[in-house]
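Welcome! Have a look at it first, and then we will go through a few spots together.

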Amino acid sequence: MCGIIARIGSDDAADTLLTGLENLEYRGYDSAGIAVQNGSGVKVHKTSGEVSDLKSKLNYLPTGNVGIGHTRWSTHGPPTEENAHPHTDSAGDVAVVHNGVIDNYAELRTELAEKGHVFRSDTDTEVIPHLINEYREELPTEAAVRKAVETLEGSYAIAAIVEDEDRVYAARKGSPLVLGLGTDDWFLASDVPAFLDYTDEVIYLEDGDVVVLEPDAYEITDLEGEPVHRETDTVDWDPEDAGKGEYAHYMKKEIHGQPTSLANTIEGRVEDGEVDLESLPAGSFTDVDEVQFVACGTSYHAALYGAQLLKASGIRTEVIRASEYDSASGPVDEGTLTIAVTQSGETADTLQAVRKAAERGARTLAVTNVVGSTIARESDDAMYIRAGPEVGVAATKTFSSQAVSLALVSQRLAADVPHADQVDDVEAMLESLTDLPEQVEEILETTDAERLAKQYIDSDAFFFIGNGLGHPVALEGALKFKEITYEHAEGFASGQLKHGPLALVTERTPVFAVCTGGDDGKTKTNAIEAQTRGASIVAVSPDDHPVVDAAEAHLSVPDTHPVWAGLLANVQLQLVSYYAADLLDRPIDKPRNLAKSVTVE
C-alpha cells in the first residue's frame with residue numbers, strides 16, 4: 001500500500017519524482033502528490049486520482065533539486081486532495097510523506113491544536129510535519145525529526161523536506177524504506193522499482209534507522225544518533241523487467257513470463273534426481289518436529305500447496321492465515337519450523353506472525369521474492385523464489401514460483417526429518433519438474449481461455465473446485481477471478497460443494513473442475529452433481545482425464561507428474577481471469593480497493 005519516492009541531486013527532482021510515482025502505481029493508490037524545495041520555500045502539488053491526473057494538473061514542472069512524492073492508499077479520511085500527501089505544517093515550511101499508521105495521532109493532534117497548530121486533513125500523517133515544526137523552535141532540524149519519530153507510536157516510513165535546506169530526512173519503523181545510490185543523486189523509496197531506472201545499488205534500511213541525504217553524501221544513524229553500517233546490495237533486475245513491453249497489461253506480461261520465472265526458480269536446485277538448495281543444504285532440518293506455514297492471500301494458497309506435500313511425507317503440518325496467528329496457531333517450541341510465505345517480504349500480518357513465532361522459540365524460514373526484504377533479514381533462513389519483479393496487483397508468476405519453491409523445501413524436509421518418509425517417486429517428480437517451463441509455454445501457445453471467457457462472461461457466478469493439490473489451485477483460481485473481474489467467484493474443496501454451496505448453483509453458474517491426475521474422483525462426482533442442477537462443467541485437466549467426457553468445455557493441461565499438474569491448471573485459470581476482465585474492461589493491473597503489498601495490519 002502507498003508509495004514513497006524521494007530524491008536529491010544536482011538537478012531538478014520533479015521529473016524523477018513523477019517517474020518514480022508511475023513506477024509505484026502497482027502498489028495501489030487513490031491520490032498522488034509531490035513536494036519540491038528550491039530555496040524559496042517548499043512547493044506542494046497534489047490531487048485525488050492518479051499520477052496522470054497530477055501531471056495534467058501541473059502547468060509546469062516545479063524547479064528544485066530536493067523533493068519527495070507519494071501515492072496514497074486511503075486509511076484515515078477519504079481520497080481527497082486535502083488528504084493526499086505530502087502534508088505540511090501550518091506555515092508550509094515542512095513537508096512529509098508517510099506510509100504506515102500512527103496509533104497515537106489523535107492524542108498528538110489534540111496537543112498540537114491546543115498549541116495553535118491548524119490541521120487541514122483527516123489523516124494521521126499530518127501530525128508529523130506539525131511535530132517537526134514544533135520541535136524546530138528549539139532544536140536543529142535533524143534533532144527535531146529524531147524527536148518527532150521518537151514521539152510516534154505505530155508504524156512508519158517517513159521522508160521529509162524542509163524550507164531552504166538541501167536535505168531529505170527519513171526514518172523507518174515497521175514499514176519498508178530503501179535507499180538508492182545513484183551516480184549524481186540519492187533516492188529513497190518504499191520499493192526498488194521506484195528508482196530502478198536510475199540505479200540498481202541499494203541499501204535496505206532497518207527499523208530504527210534515521211537517514212539524512214545531502215546532494216553529495218548520506219548518513220544512516222540509529223534513534224540515538226549513533227552511526228550504523230548497512231550493506232550495499234545490487235538488485236538483479238533489469239529496468240525493462242518492470243515495464244509492460246509489448247503487452248497491454250502487466251498481468252498478461254507476467255502470466256507469459258512464467259516459463260522464464262519458473263526456469264529461474266528451478267535453476268541449480270535439482271541435481272541428479274535430488275533437491276540441492278544452496279541456502280538449505282542436506283541436514284538443515286534434522287531437528288524439526290513440525291512445520292507451520294504463515295501467509296496471506298495468494299501466498300496462503302501457495303502455502304496450502306506446499307503443506308499437502310509435507311503431510312504426504314508424514315510431517316505434522318498446519319497452515320495459518322497470518323492475520324489469525326494469535327488465535328489459530330497451536331503449540332510452538334524449538335522443534336517448530338515456521339515458514340513465512342510472502343512475495344514482497346513486507347506483508348505486515350506475516351511479519352507479525354513470524355516475529356511471534358520466533359519469540360515463542362520457533363525456527364523461522366522466509367520464502368520470498370525480494371532479496372533484503374524485512375522478512376528475509378529477520379528470519380533465521382531465507383529462500384528466494386527468483387520470480388523477478390511482479391507489478392500487477394493480482395499475483396501470477398509469483399504463485400507458481402512460490403509453489404515450486406515450497407515443493408523443493410518439502411522434499412528437503414522429507415529427506416532431513418528423521419520420522420519423515422519421502423514419496424516413492426520423488427526422482428520422477430523432480431525429473432518432470434525440469435519440463436515445467438516448457439509445458440507452461442505450450443499452454444500459452446495453445447490455450448482456449450479467451451474463447452471460454454467469452455462463452456461464460458454473462459454468468460451470474462463462477463465456482464472453482466478441486467481435491468488434494470487441486471484444492472489450493474481452485475482457491476487461487478477463484479481469488480484471481482474475483483480480484484480482477486469483480487464478478488462473484490468462489491473456490492471449494494470438491495467434496496464441500498454439496499455441503500451448502502450447491503444451493504447457489506444454476507444454469508448460469510459454470511463450475512471449473514481442477515483435476516490434476518491424482519485422487520480426482522470427488523471432483524468429477526461433485527462437478528456432475530452441479531451439472532444435474534444445470535451448471536456447465538469446465539474441465540481443467542489432461543486430455544485423457546475422465547472428467548473431460550462429462551464436461552461442456554475443456555482447458556487442457558499437458559501430461560506431467562500430478563504434483564506439477566495443478567500449477568499448469570493454474571496458468572489456464574489465470575488466463576481465463578485475464579480475458580474475462582479484459583472483456584469487462586476492468587482496470588486489470590490496478591483493481592479497485594486492492595494493493596500489491598499490504599504493509600499495514
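A disulfide is a pair of cysteine sulfur atoms within 2.5 Å. By that rule, the structure holds 0 disulfides. Please keep in mind that this is a predicted model.

- Cys-296 counts as partly exposed because its relative accessibility is 26%, which falls between the cut-offs of 20% and 50%.

**A hairpin to look for**

- Strand E2 (residues 31-37) and strand E3 (residues 42-48) run antiparallel, and 7 bridges join them.
- One of the paired positions is Gly-33, whose bridge partner in E3 is Lys-46.
- Together E2 and E3 make a hairpin, with 4 residues between the two strands.
- In the turn you will find Gly-39, which has a positive phi of about 90°.

**Around Thr-368**

- Thr-368 belongs to strand E20, which covers residues 363-368.
- With a relative accessible area of 0%, Thr-368 is buried.
- The Thr-368 side chain reaches the backbone nitrogen of Gly-345 at 3.3 Å.
- A polar atom of the Thr-368 side chain also lies 3.5 Å from the backbone nitrogen of Val-370.
- Beyond its neighbours within four places in sequence, Thr-368 is in contact with several residues, among them Thr-342, Gln-343, Ser-344, Ile-375, Met-383 and Tyr-384.

Technical notes
Residues numbered from 1 in each chain as written. Predicted model: local features only at pLDDT ≥ 70, side-chain atom pairs only at ≥ 80, totals over all residues. Heavy atoms only, no water. Buried < 20%, exposed > 50% of the residue type's maximum accessible area, 1.4 Å probe, protein only. Polar contact = N/O pair within 3.5 Å; in protein donor to acceptor, adjacent residues only side chain to side chain. Contact = heavy atoms within 4.5 Å. Pairing = 2+ DSSP bridges.
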